[in-house]
Number of protein chains: 2
Amino acid sequence: MQLPPPSPTIILMNKDFLSTDSYKGVRDFYPEDMAIQRYMFDVWGQTAESFGYERYDASILEPATLYKAKGAENVEMVNEQTYTFTDRGNREVTLRPEMTPSVARMIAKRSRELAFPVRWYSIPSLYRYERAQRGRLREHWQLNCDLFGSDDYTADVELIALGYQIFMNFGADESMFEILINDRQEMTALYESLGVTNEETQTKITRLNDHFDKITEEDYRKQLAGILGSTEKVVPILKAITNPSESDNKVKNGLAALGITNVRLDRTLARGFDYYTGTIFEFKDTDEANNRSLLGGGRYDNLAGLFGEEKIAGIGFGFGDVTMRHFLETHDLMTAGITAPDVMVIPTESEYNLHAHTLAQDLRKAGASVGVDISTKKVGKKLDAATKNYVTHVVVVGEDEVKTKTYELKNLATNEKTTGSAAELAAVLE
Amino acid sequence: MQLPPPSPTIILMNKDFLSTDSYKGVRDFYPEDMAIQRYMFDVWGQTAESFGYERYDASILEPATLYKAKGAENVEMVNEQTYTFTDRGNREVTLRPEMTPSVARMIAKRSRELAFPVRWYSIPSLYRYERAQRGRLREHWQLNCDLFGSDDYTADVELIALGYQIFMNFGADESMFEILINDRQEMTALYESLGVTNEETQTKITRLNDHFDKITEEDYRKQLAGILGSTEKVVPILKAITNPSESDNKVKNGLAALGITNVRLDRTLARGFDYYTGTIFEFKDTDEANNRSLLGGGRYDNLAGLFGEEKIAGIGFGFGDVTMRHFLETHDLMTAGITAPDVMVIPTESEYNLHAHTLAQDLRKAGASVGVDISTKKVGKKLDAATKNYVTHVVVVGEDEVKTKTYELKNLATNEKTTGSAAELAAVLE
């Protein structure tokens, strides 16, 4: 039933009506947007599974202690940037802001039963309390892929190859994105080789490097000299950072062996360097107008330590739904969004609705998705609606069809028509 | 890497270790459980789509007012049985306990653009604050199917047929469940025909009927007489309720036209009767030990009214994941749970790991899911692990294979072996 616009008088007079807006910073997914989400999640899942990754999930509700454990800095982050509240059993609960603590908890719990290396992936929704004016989302989804229990460098190669394959499976090519790699151990070796042996100084330089793209070379030199206390090593460090010897990185060479060549060593890449212990990587959009980080991850050493378990090495990455969608739209790769059924059965009068349902049921046996237009519109309007919604086939059911049980299936794209019984039409749809 | 059990001494001495337990009343989904969830959700989604239903979703975060709007009783329910908290912008937020208010909000928002009737489905996670001792879950998933904007009785037929088809698509037969139907308007007519015209008395009887199965007939008679203020109409009402005239219900007859016959009129069925305005239905397990409600729903009249929109008729149902799984297990219909890749490539030494990855990449082109066992186990142990995890094919990669680029693909189920290049093995897997 097509509804007439409601009387504005009624709306204005009643102040008690509820708003139809969603909560601030979250999204409603109407069918056309949901189709895009599902398309992205399907390609993510299929690609991860093609590499032997198994899907897991946990609840969005986690004990707040899971996020506060890493120290005072974390307690502040949890209190200010997450949804944390106390339940009526006096338990502090947090809506998970990231997946790694949950998966670490699950791996630690079964560390003695799991056959390592374990390959897991998940597509969780994550929650952050963002200030509304920033315009950032408070709920988003993220693909998380992790390989636990192997410190072999080919695990790093595999994770990056999996990320790469996701882009290929969306129809991207190597010109659309670039893979940046760094390695914390190589960075430490590099600092040592240049005579910077103090760990704290190393960390400070790493943090400065993380902002390399955002400041001028002059500023970089100045700040570096400030950290070092002299200008002596500024030039050799700058040179080592801007001209890395590409051949030294095993992971990059491994990717080349798999035919993946849009890879560049970037000695400034840090990505929360305090967290990662080996390889660090980031996929970047090459589009000038959208030169942003797409997917990022790295290697960490001691995932289960907080739970009192032995060290379990891991490497993983995360990839957000908003970033993914933006990339596909920027590069004209978005193909999803049509959600109409294959066939719409259109009764001419409501007295034929039930007959239309029996025909629909028969056609579904062919594997087709079949709707019945039981609106009170005229047949012409029903056909218009089917065309507008990208339905591919229609069958009109009126007096004759009900009597003879012979129907005409029309392909709206080709105008091809098939006349026959329900079974005969079903055969065409198979 | 297979990890040795950690030293118990270390665990006992450090009191600061985090628990690996999830939050109370929620579940972790390890891959074997996740595979079951996904199997159920896939069949749900495929069935709904075969009827032309489009998937939507909203955020789990909703303004608390959305649930409190229906009156004082609701405010109490929201405060005591939901997760509701105040955010730092002083907004009251609720983790959605059900989907209907969210979908009503979304439909109302676009009521002037949507082409009714609208068929939508969703598989949301829902949150309720249950007292822990009840052993009930605080987070669960639910299939929600709704048809909006038609008051034609075949819409009711369609919704029930969709529910029925879900069971069929899981391999169930009609003996395993029964469909109970009632109708609020028919009940009102029945009360009137028996001379019970007071609306409040009607409601009281309906509420008593809702407990019909849980009390003795003697108790029922007594309480009914109490409501009526006399015993005069007790026998005619009891008779009308226990012996309904089956032929009168159009929806039941419509289902029969679709070949659906495990349907029974049940005049005691209420299911939150205050909410529904026409057809009410419930699917029940016929298993003696598990004679519980599986899927339930009904027709409601004024979905968008709270938002100031014109009346939009709707009919819908909900079906929980826990109930679904229990039904499949009870009737031995659960077929999901294996998550291993199709092929495991097994390097004999870690120096062949990278070569194994290149072979895996070639085999994936055939559409197979392929893992690489980069653990440090001996080959025999790796083969044992593949067998144990239900991997279907293995390829061992050692010195000879790397040299000759000729491999042997072994089917673990049939012991069939294929020798050839990567491309030749891929052809076997296609």
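The crossing of helices α2(A) and α6(A) is right-handed, a crossing being right-handed if the near helix is turned clockwise from the far one by less than a right angle, and left-handed if anticlockwise. The structure is a predicted model, in which local features need pLDDT of at least 70, side-chain atom pairs count only at pLDDT 80 or more, and totals for chains, interfaces and linings use all residues. Residues are numbered from 1 along each chain as its sequence is written, while chains are lettered from A and ligands numbered from 1 in the order in which they are written.

**Helix packing**

Helices (H or I, at least four residues) and strands (E, at least two) are DSSP runs numbered from the N terminus. Axes are lines fitted to C-alpha atoms, for helices over the stretch in contact, and angles run from 0 to 180 degrees between N-to-C directions.

| Helix pair | Angle | Axes |
|---|---|---|
| α2 (residues 31-50) and α6 (residues 153-169) of chain A | about 135 degrees | 9 Å apart |
| α9 (residues 217-228) and α10 (residues 234-242) of chain B | roughly 120 degrees | within 10 Å |

α2(A) and α6(A) are therefore oblique to each other; angles under 35 degrees count as roughly parallel, over 145 as roughly antiparallel, 65 to 115 as roughly perpendicular and the rest as oblique. V43(A), W44(A), T47(A) and A48(A) of α2(A) meet L162(A), Q165(A), I166(A) and N169(A) of α6(A), contact requiring C-beta atoms, placed from the backbone, within 7 Å. These residues comprise five nonpolar, three polar and no charged. Here Ala, Val, Leu, Ile, Met, Phe, Trp, Tyr, Cys and Pro count as nonpolar, Asp, Glu, Lys and Arg as charged, and the others, Gly among them, as polar.

In chain B, the crossing of α9(B) and α10(B) is right-handed. R221(B), L224(B), A225(B) and L228(B) of α9(B) contact V234(B), I237(B) and L238(B) of α10(B). Six of the residues in this contact are nonpolar, none polar and one charged.

**Relation of the two chains**

Chain A is superposed on chain B by a rotation of 180 degrees with 0.0 Å of shift along its axis (RMSD 0.1 Å), using least squares on the C-alpha atoms of residues with pLDDT of at least 70 in both. That is the relation of a two-fold axis. The C-alpha of F85(A) is the one in chain A nearest the axis, 3.5 Å from it.

Between the chains, 92 residues of chain A contact 92 residues of chain B. Helix α13 (residues 353-364) of chain A gives the largest share of its side, six residues.

Notes
Two residues are in contact if their C-beta atoms, placed from the backbone, lie within 7 Å.
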